[in-house]
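Here is a short report on one protein model.

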Amino acid sequence: MKKSIVLFILLCFVSVTFSQVIDGEKTLKTRTADTLIGWKKGGVVNISTAQTSLTNWAAGGQSSMAVNGLLNIYAHNKQEKTLWENYLILGYGTLKQKSTGWWKTDDRIDLTSKYGRELTNKLYAAGLFNFRTQMATGYNYPNDSVKISDFLSPGYLLFAVGLDYVPLPNFTLFFAPLTYKLTIVSDDVPAEAGAFGVDPGDHTKAEFGGYIRASYQKNLMENVALQTKIDLFTNYLKDFGVVDVNWETMLSFKVNKYISATLSTQLLYDQDITIRKEVDPGVFEEYNSKVQFKEVLAIGLSVQF
């Protein structure tokens, strides 16, 4: 039920935003010296598959099938005194080998909305909202009997108020000295284990601190586009100066009208997240403050706009 409600909200948000984009493009075509007044939108939709079949293969290996999907879109509205930016990333990947079931390889929902009012030519008083979670249950494969994550486990809500510096149309630097961050672990299993920084048995963790976000996007050359953003957060009330990091980058390569490739990476660091590693069969060690890194390369059917 919770999944249906949040996914419905996301669909409503996308529908409203892009219906406004269409209306805005019909009525707002005026250009200033360096900025388009009205809506600017774009993104990438990519669906890719990979398949390996082995029969009596002496060198070893397993037959496998992999499917990945990615939706990365943005919609920005610029008026004389205001700037509203919206981003939505949906990603999901799964892999099946002959001896296993379907294993999740990528899973994310990331929604950001930022609204600012101009103070000077390049500086805005702004507020930002960000919501991140995943769609499906996650396991510590090959053990698929105990789940370690799920929808809203974890989920992250962030509300920030500060200043947005926009020196270029494709670059923004947002600094928020007033930021509220809420970590949600709604599922009882990871909550009881104290996963994702919550106290064992709790389902939420609230933090108040400072936040910086820098984002940049550019067409590097014909048919090659870059998007990157980095989020930095430190808690005023506990371990001030220790910074949580979330850095995401995506390169899009368009081969022709329908075929392209995307290379996406994500680097995470959060001192409150425990990493559990199997050092021997059935023997686990837990580590705090480990850098997490994910890379996904997808080649397949794609629409870039």
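Phe208, Tyr236 and Phe240 are linked into a cluster by ring pairs. Rings of Phe, Tyr and Trp (its six-membered ring) pair if their centres lie within 6.5 Å; planes under 30 degrees apart count as stacked, over 60 as edge-to-face and the rest as tilted. The whole structure holds five aromatic pairs. One of them joins tyrosine 236 and phenylalanine 240, which form a tilted pair at 5.8 Å centre to centre, with 45 degrees between the planes.

This is a predicted model, in which local features need pLDDT of at least 70, side-chain atom pairs count only at pLDDT 80 or more, and totals for chains, interfaces and linings use all residues. Residues are numbered from 1 along each chain as its sequence is written, and side-chain values use heavy atoms, with hydrogens and water left out.

How covered are these rings? Buried means under 20% relative accessible area, exposed over 50%, and partly exposed in between (1.4 Å probe, protein chains only). Tyrosine 236 is partly exposed, because its relative accessible area is 34%. Phenylalanine 240 has 59% relative accessibility, so it counts as exposed.

**Cavities**

A search of the whole structure turns up six cavities of 30 Å³ or more. A cavity is a set of points, on a 1 Å grid over the protein atoms alone, where a 1.4 Å probe fits but cannot get out; lining residues have an atom within 4 Å of a point. Grid points are joined across faces, edges and corners, and a volume is the space filled by probe spheres set on the points.

In the table, Ala, Val, Leu, Ile, Met, Phe, Trp, Tyr, Cys and Pro count as nonpolar, Asp, Glu, Lys and Arg as charged, and the others, Gly among them, as polar.

| Cavity | Volume | Lining by class |
|---|---|---|
| Largest cavity | about 230 Å³ | four nonpolar, nine polar and four charged residues |
| Second largest cavity | about 90 Å³ | two nonpolar, three polar and seven charged residues |

The largest cavity has 17 lining residues; Asn72, Ile89, Gln227, Thr228 and Lys229 lie nearest its centre. Strands E3 (82–97), E4 (102–118), E10 (204–221), E11 (224–235), E12 (243–254) and E13 (259–269) each give at least two residues to this lining. E10 supplies the largest share, four residues.

The lining of the second largest cavity includes Lys205, Glu207, Phe233, Asp239 and Asp272. E10 and E11 are the elements that give two or more residues to it. Here the largest share, three residues, comes from E11.

**The chain as a whole**

The protein chain has two helices and 16 strands. Both kinds of element are DSSP runs numbered from the N terminus (helices: H or I, at least four residues; strands: E, at least two). Of its 305 residues, 42% count as buried. Contact means heavy atoms within 4.5 Å. Among contacts between residues at least 6 apart in sequence, 54% join residues at least 24 apart.

Glutamate 85 is found in strand E3. It is buried, because its relative accessible area is 4%. Beyond its neighbours within four places in sequence, glutamate 85 is in contact with Ala75, His76, Thr112, Ser113, Lys114 and Thr172.

Serine 252 lies in strand E12. Its relative accessibility is 3%, so serine 252 counts as buried.

Terms used: 1 Å grid on protein atoms, 1.4 Å probe; cavity = no way out; pocket = protein on both sides within 12 Å on 5 of 7 lines; lining within 4 Å.
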